[in-house]
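Colleague: I'm new to this one. Could you walk me through it, one question at a time?

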Amino acid sequence: TQGRVGYVCVPDSDEQGFGEFYRDFGCESAKDGLIVDARCNAGGFISELVLKQLMQRPMGLSVPRPGRGRVVLSPMFCTS
């Protein structure tokens with residue numbers, strides 16, 4: 001994919017699995033596509049939180065002055 005598709009692993013649906021998903025989701029979701037790997041997931045209680053995060057649509061962009069930082073989608077980590 002030449003880096004155009006993001007990849008997020010959700011090893012389980014408990015605190016650890018959501019922690020891994022949330023940690024990787026921000027940078028990986030900015031790509032053209034996203035693969036959410038839930039293979040061998042033993043289940044748990046975070047499926048609603050993951051789906052809510054996947055359904056977020058960016059509301060705006062934060063664009064820094066030239067040469068300072070990078071463009072950031074907002075809200076990138078909104079889970080409320």
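Colleague: What percentage of the residues of the protein count as buried?

Modeller: Keep in mind that this is a predicted model, where local features need pLDDT of at least 70, side-chain atom pairs count only at pLDDT 80 or more, and totals for chains, interfaces and linings use all residues. Residues are numbered from 1 along each chain as its sequence is written, and side-chain values use heavy atoms, with hydrogens and water left out. Buried means under 20% relative accessible area, exposed means over 50%, and partly exposed is in between (1.4 Å probe, protein chains only). Of the 80 residues, the buried share is 20%.

Colleague: Which pattern does the protein follow along the sequence?

Modeller: Helices (H or I, at least four residues) and strands (E, at least two) are DSSP runs, numbered from the N terminus. The protein has 2 helices and 4 strands. Read along the sequence, they give β-α-β-α-β-β.

Colleague: Are H1 and H2 roughly parallel or roughly antiparallel to each other?

Modeller: Two packed helices are described by the angle between their axes and the distance between the axes. Axes here are lines fitted to C-alpha atoms, for helices over the stretch in contact, with angles from 0 to 180 degrees between N-to-C directions. H1 and H2 (residues 47–55) pack at about 10°, with axes 11 Å apart. Angles under 35 degrees count as roughly parallel, over 145 as roughly antiparallel, 65 to 115 as roughly perpendicular and the rest as oblique, so H1 and H2 are roughly parallel.

Colleague: And how many nonpolar residues are in the contact of H1 with H2?

Modeller: Contact means heavy atoms within 4.5 Å. H1 brings Phe 18, Phe 21, Tyr 22 and Phe 25, while H2 brings Leu 49, Val 50, Gln 53 and Leu 54. Ala, Val, Leu, Ile, Met, Phe, Trp, Tyr, Cys and Pro count as nonpolar, Asp, Glu, Lys and Arg as charged, and the others, Gly among them, as polar. That gives no charged residues, 1 polar and 7 nonpolar.

Colleague: How many residues apart are Asp 32 and Arg 4?

Modeller: Asp 32 sits in the loop between H1 (15–28) and strand S2 (33–37), and Arg 4 in the segment before strand S1 (5–9), so the pair links distant parts of the chain, and the separation is 28 residues.

Colleague: Is Ser 13 buried or exposed?

Modeller: Ser 13 lies in the loop between S1 and H1. Leaving out residues up to four places away in sequence, Ser 13 touches Asn 41, Gly 43, Gly 44, Phe 45 and Ile 46. With a relative accessible area of 11%, Ser 13 is buried.
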